[in-house]
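Welcome! Please have a look at the structure below, and then let us walk through some of its contacts and surfaces together.

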Amino acid sequence: MRGIPADTIPCSPVLRHVCRVRDDVTMRVRSAWLIEGIRMDGPVRMAPLSLSQVSLDRGYVGREARKIFNSELADAGFVTAVERPIWGAQIAPYRRLVSVISDELDVDSVSEVGALNSLAAKCANVLAVIWGGAPEVIAGATEVWEQRQGWRTLSVSVGGGAWQASIVRKLLPDGAVLEDDDPAELWAASGRDPRVPLWLSLFRGLSGDRAWDRRVFRACSLLETIASEVAPRRSAVVDRNGDELLDREGRVATTKQSQGKIHWTVQRSLVALDLPDVLVAAHPSRTLWEEVGVWYDVRNAVAHEGYWAPPPRPTRRERRRSEVADAFAVAAGGDGLDSGSLRYSDKSCAAVEVVLRAALRGELIRDSV
């Protein structure tokens with residue numbers, strides 16, 4: 001498994017358990033995945049992967065949804081019932097399945113086993129460029145070879161995606177309360193500003209991204225997009241006490257800078273929702289200003305290097321990487337950088353949710369809009 005940036009995707013909990021037992025032993029592994037949403041012209045070889053279109057004779061994802069939809073229609077008093085040929089003709093072409101089978105691979109480190117899980121996602125990205133659509137990995141299985149037992153299951157993953165809960169509510173500190181929003185009011189509010197539907201769409205996209213560093217990248221990009229629209233253009237950046245904040249060169253930070261405008265927007269939103277800064281801080285000892293700086297350092301690493309490279313992997317941003325790793329270590333509280341990085345991913349996404357809630361309530365309006 002050479003040439004794969006092994007540390008870009010951490011091992012799953014199942015893989016970590018097995019890897020700890022066999023960390024000093026060369027392992028032979030193989031994987032298979034199912035990708036939905038791709039129509040290929042024939043078998044494809046993308047070493048070490050072999051791809052083939054799944055025949056429609058084997059079915060397609062979503063067949064059973066027809067009966068569910070028809071039952072809901074009937075319960076609502078509709079006379080319409082979707083027939084099987086109509087359902088199949090309209091659903092199946094858009095939900096074609098591709099089977100992806102890896103070669104048998106010898107791996108000799110924990111990180112390489114973890115990297116195996118990222119191959120299918122990278123493959124789907126390439127297929128999207130070639131054949132279009134929005135392919136998604138919907139199932140996967142990894143097996144390991146043992147001399148006495150032969151092949152045995154190492155891990156199985158089905159479905160996935162963002163957990164269906166508000167990340168802000170998940171992270172609320174003790175004593176903090178998030179006022180319930182009326183869906184009907186927010187629905188109406190989303191139509192009053194033509195920018196808001198775009199922001200909501202981008203948030204839905206980042207929420208579904210499974211790579212923590214890409215989520216931070218997308219969160220920063222969306223925060224900067226919103227902040228460019230709502231933050232004052234050249235104001236000094238201050239904390240909640242009104243004290244001016246300094247940039248890395250020791251100068252007074254302003255909203256002309258990306259970190260400054262994001263800080264202004266997130267802080268303004270937290271105040272509007274009566275929420276504490278610690279909601280979006282990965283550790284109580286960290287200030288909002290410091291946290292925005294960490295998000296932006298991760299964002300820049302992903303933008304320029306493709307992913308955030310954990311030590312000791314090489315990087316062109318050694319000093320920035322060291323500062324981010326230190327912040328991850330503090331956030332993890334002894335659990336390792338992986339735990340810290342996931343916490344920062346959650347916190348940056350929570351910041352976006354806070355800003356969007358404030359925007360929908362009309363709290364982020366600039367006179368020049």
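Let us begin with Glu323, which is partly exposed because its relative accessible area of 34% lies between the 20% limit for buried and the 50% limit for exposed. Please keep in mind that this is a predicted model. The partner of Glu323 is Arg248: the two form a salt bridge, with their closest N and O atoms 3.7 Å apart. This pair links distant parts of the chain, as Arg248 sits in the loop between helix 9 (212–230) and helix 10, while Glu323 belongs to helix 12 (residues 318–332), 75 residues apart. Arg248 is partly exposed as well, at a relative accessible area of 44%.

## Two salt bridges to helix 13

The structure has 28 salt bridges. One of them joins the side chains of Lys170 and Asp346 at 3.2 Å, N to O. Lys170 is part of helix 6 (residues 167–171) and Asp346 of helix 13, so this pair ties together parts that are 176 residues apart in sequence. Lys170 counts as exposed, with 57% relative accessibility.

Another salt bridge brings together the side chains of Arg357 and Asp181 at 2.5 Å, N to O. Here Arg357 comes from helix 13 and Asp181 from the loop between helix 6 and helix 7, so parts that are 176 residues apart in sequence are tied together. Arg357 counts as buried, at 15% relative accessibility.

There is also a network of salt bridges, which links Arg28, Arg30, Glu104, Asp106 and Glu143.

Which residues of helix 7 (residues 183–190) are buried? They are Leu186, Ala189 and Ser190. Viewed down the helix axis, the buried residues fall within an arc of 100°, so they line one face of helix 7. An α-helix has 3.6 residues a turn, so residues three or four places apart point the same way.

The cover over these buried residues includes helix 8 (196–207) and helix 13 (337–360). On the other side of helix 7, Ala184, Glu185 and Trp187 are exposed. At the start of helix 7, a side-chain oxygen of Asp182 comes within 2.9 Å of the backbone nitrogen of Ala184.

Ser258 is in helix 10 (residues 258–272) and is buried, with a relative accessible area of 18%. Its side chain makes a polar contact of 3.1 Å with that of Tyr296.

Ile130 lies in helix 5 (residues 119–131) and is exposed, at a relative accessible area of 52%.

How values were computed:
Residues numbered from 1 in each chain as written. Predicted model: local features only at pLDDT ≥ 70, side-chain atom pairs only at ≥ 80, totals over all residues. Heavy atoms only, no water. Helix = DSSP H or I, 4+ residues; strand = E, 2+ residues; numbered from the N terminus. Buried < 20%, exposed > 50% of the residue type's maximum accessible area, 1.4 Å probe, protein only. Arc of directions from axis to C-beta. Contact = heavy atoms within 4.5 Å. Polar contact = N/O pair within 3.5 Å; in protein donor to acceptor, adjacent residues only side chain to side chain. Salt bridge = Lys/Arg side-chain N within 4 Å of Asp/Glu carboxyl O.
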